[in-house]
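Here is a short report on one structure. Start with the view below, then read on.

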Amino acid sequence: MREHIVSPKIYYTIFIALTVLTVVTWSVAKLDLGKMNAVVAMTIAVIKATLVVLYFMHVRYSSRLTWVFVGAGFFWLAIMVALTLSDYMTRGWLTIAQ
Amino acid sequence: METVAEITPPRTHYLNATYGVKSWLLTTDHKRIALLYLASVTFFFFLGGLFAAGIRIELLTPQGDFVQAETYNRMFTMHGVVMIFLFLIPAIPAVLGNFLVPLMIGARDLAFPRINLLSWYIYTVGALFAVLAILFGGVDTGWTFYTPYSSTYSNGNVILTGLGVFVVGFSSILTGLNFIVTIHTMRAPGLTWFRLPLFIWAHYATSLIMILGTPVIAVTILLLALERLAHVGIFDPALGGDPVLFQHLFWFYSHPAVYIMVLPAMGVISELIANMSRKRIFGYKFVAFASLAIAAFGFLVWGHHMFVSTQSVYAGMVFSFLSYAVAIPSAVKVFNWTATLYKGSISYDTPMLYAFGFIGFFIIGGMTGLFLAALGVDVHVHDTYFVVAHFHYIMVGGTIMGYLGGLHYWWPKITGRLYSEAWARFAALVIFVGFNLTFFPQFLLGYMGMPRRYYAYPPEFQVLNVMSSAGASILGVGYLIPVIYLIWSMRYGPHAPANPWGAAGLEWRTSSPPPTLNFEQVPVVTWEAYEFGDPSENAESRMENRG
């Protein structure tokens, strides 16, 4: 398979984006957004991870089969999170007779 | 096993192509790496067996007289850690899979031969950590490393053992990666996906679990180490953590790990049943897709280990339902194997005896798994010997029977020699009897309420415990007999023909033992999997080959 050559400019751009997002994470952490604290932090983290996977790990330039395997990895992560949350989020549903 | 005397082995093959320790320790030949793994996992099998012997000796009497609680806890923990991480998980993929995947698909080697060797070195380094942990006194948490005991209170070598498990996991990931890439990219011309042997489908499914699940146990162990060493509150309630989160993360890998152990064994059994009954597997595609379904469903059921852990009862209901669902593809396999036997030309050679043993044990292990998947029943038998018996029927009765069946079936290919069929059948029988005597009484003990992981028990449980210990000693003898006659056969056994069983499959179309690059010419496949042609012709060729 032919190796895709990525220009240094793209790498530098992604690096700067990741650094900026890290600063944003740190800044936002100092604000109390209530329930949105975790949502904002996780959103930034997901954007950063996506940039790393697409550019630093070359997935953007890889074959469709590679996309399938990368997708499977994230799908499995989603399974782990969803089924674990199915425990935590339903614990309060059970009302115990006093 | 008897055969015609005048078979001449190939002049050069992978075993004599090069000589010396260096030629083995730096080899990139998948067949030699398989043998390196064979030696390693055999060592750890007997090491794990020694701990099992200690457990069974202690449980001969109700009170603690051979060892006390502290030592007993360390014995069952090290038995579990060694057997699961250093034997059961690598056994079939790393030994038989490594040897056979390239041969079965008509390739010269795996896609990444050096990564393959690296995986063995990583396994060895991880195993050394575990051995060091044993030498320094072992660990007492149980192989499940439940928090907060493991992260805060245990005075055993948790970090060293955890490091061993962490490192060994990478060897598993590399093996899985190698198999997936090899199966995708290196199949012989004409060898389409639905012409692949079911052993390959099973290893493909296993590899998916290895690369999707193993990173999670690695991260979990890292978090455990972080809490134990740096007191970061993750799992310990006293530090603000949640112990049930550890169980979620641990079982997300460790339940699918059961399928890492048993799926390759199912692949072996598919080969044995088809070739030893001279029939194409009944419902080939169903069996192939059942492997993938088991791999996928296997990731959705982990909560059935946590029904009494304060896990939400609603989550418990979901996990219970999904656990029942995983029984469907498992049952598809069992029904299809038995349907394959119908009107087959069945031979009762040693590998087939192990295959029959596997089916029986797997049915008992699987059906009792359904008991445990039921929320109400599980509350009664949770953490009792019923669970111990259930998973030993799957892991020992399933995986080890598949492993031994496969080892006997492909031994002539691996070594170029034939072993004593009479001794081999005798050993298979001893193992079958010993296994049942060891583990069946444990179902009864568990149902009567004997908890697992206790060194002492009420006197009314003694008779069944003595039966179990007696069975374990028979089982131990059963496992030692093959070591003797297989090693004997390597030097004194008659030379094996290329295809002693008259079997279908590319691995039988090259010499025994195969040349370093597996085939003189790249095979072109124009036939379906398990295509036996005229059964009478095959029966004759089998007779000729085996004398």
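## Surface and shape of chain A

Chain A exposes about 7,500 Å², and carbon and sulfur atoms supply 74% of it. Accessible areas come from the Shrake-Rupley method with a 1.4 Å probe; for residues, only the protein chains shown count as cover. Of the 98 residues of chain A, 18% count as buried. Buried means under 20% relative accessible area, exposed over 50%, and partly exposed in between (1.4 Å probe, protein chains only).

Chain A has 3 helices and 0 strands. Helices (H or I, at least four residues) and strands (E, at least two) are DSSP runs, numbered from the N terminus.

## Basis of the model

This is a predicted model: local features need pLDDT of at least 70, side-chain atom pairs count only at pLDDT 80 or more, and totals for chains, interfaces and linings use all residues. Residues are numbered from 1 along each chain as its sequence is written, chains are lettered from A and ligands numbered from 1 in the order in which they are written, and side-chain values use heavy atoms, leaving out hydrogens and water.

## Salt bridges

A salt bridge is a side-chain nitrogen of Lys or Arg within 4 Å of a carboxyl oxygen of Asp or Glu. The count over all chains is 7. In one of them, R91(A) meets D87(A) at 2.8 Å, N to O. R91(A) is partly exposed at 29%, whereas D87(A) is buried at 0%.

In chain B, D349(B) pairs with R425(B), with the closest N and O atoms 3.2 Å apart. D349(B) lies in the loop between α10 and α11 and R425(B) in helix α14, so the pair ties together parts 76 residues apart in sequence. D349(B), E421(B) and R425(B) are linked in a network of salt bridges.
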